[in-house]
Amino acid sequence: MEIGKYVDETVTTWQEQRPDLDFAPMGYMLRFHAMAEAAMAKIEIITKSHGLTIGEFDVLATLRRHGPASTLTPSFIAEVAMVSPSGLTHRLTQLEKSGHITRSADNSDRRSSLVSITKSGTEVADQIIKLIAEQSARMYNAIPAKDLEQFNHVVSLVSTQLESEMVTS
């Protein structure tokens, strides 16, 4: 079943069963979720074709976008990659085994280490990000720029609302 039809069917049948509730917001959420899953599936195909998981690529991308000579702490990487420290440890181990990163002792903090991207890590990150950028462009190229700006604005508003609810709950 097509995503739009699935969402419409879900909202319609719930509305029939519970006419006292407004299911339009749930429809927005379901459409956004389906769109994000489809986009992530395409990205996963790209990362897997380079021998990485999406999570491993996320770590490489974090290192790469901070410059080819950047050295970051695992705690910083975990924060910006939105992953738990234990989840990051596994990713770092895999990337180190594949030669895409190096880890060294942090002389200013013996409890921490420093992570650097290698030449092969930079090359792989650059190849993958190019393919992801091209895929993203194809996904949105038929949509007028004005509509994309409005979409981005609405997503920002929803994100802000969700963040404020997380803080207060």
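Leu63 is in contact (heavy atoms within 4.5 Å) with Ser70, Leu72, Ile77, Ile101, Val115, Ser116 and Ile117, when residues up to four places away in sequence are not counted. The model is predicted, so local features need pLDDT of at least 70 and side-chain atom pairs count only at pLDDT 80 or more, while totals for chains, interfaces and linings use all residues. Residues are numbered from 1 along each chain as its sequence is written, and side-chain values use heavy atoms, without hydrogens and water.

Leu63 and Leu60 touch the most other members of the largest nonpolar core, which has 23 residues. Such a core is a set of buried Ala, Val, Leu, Ile, Met, Phe, Trp, Tyr and Cys residues joined through side-chain atoms within 4.5 Å. At least two residues of this core come from each of α2 (24-49), α3 (54-65), α4 (74-81), α5 (85-97), β3 (113-117) and α6 (119-140); helices (H or I, at least four residues) and strands (E, at least two) are DSSP runs, numbered from the N terminus. The largest share, 5 residues, is supplied by α3.

Ser116 belongs to strand β3. Ser116 counts as buried because its relative accessible area is 15%, where buried means under 20%, exposed over 50% and partly exposed in between (1.4 Å probe, protein chains only). Beyond neighbours within four places in sequence, Ser116 touches Leu63, Ser70, Thr71, His100, Ile101 and Thr102.

Helix α7 (residues 145-168) contains Leu162. Leu162 counts as partly exposed because its relative accessibility is 48%.
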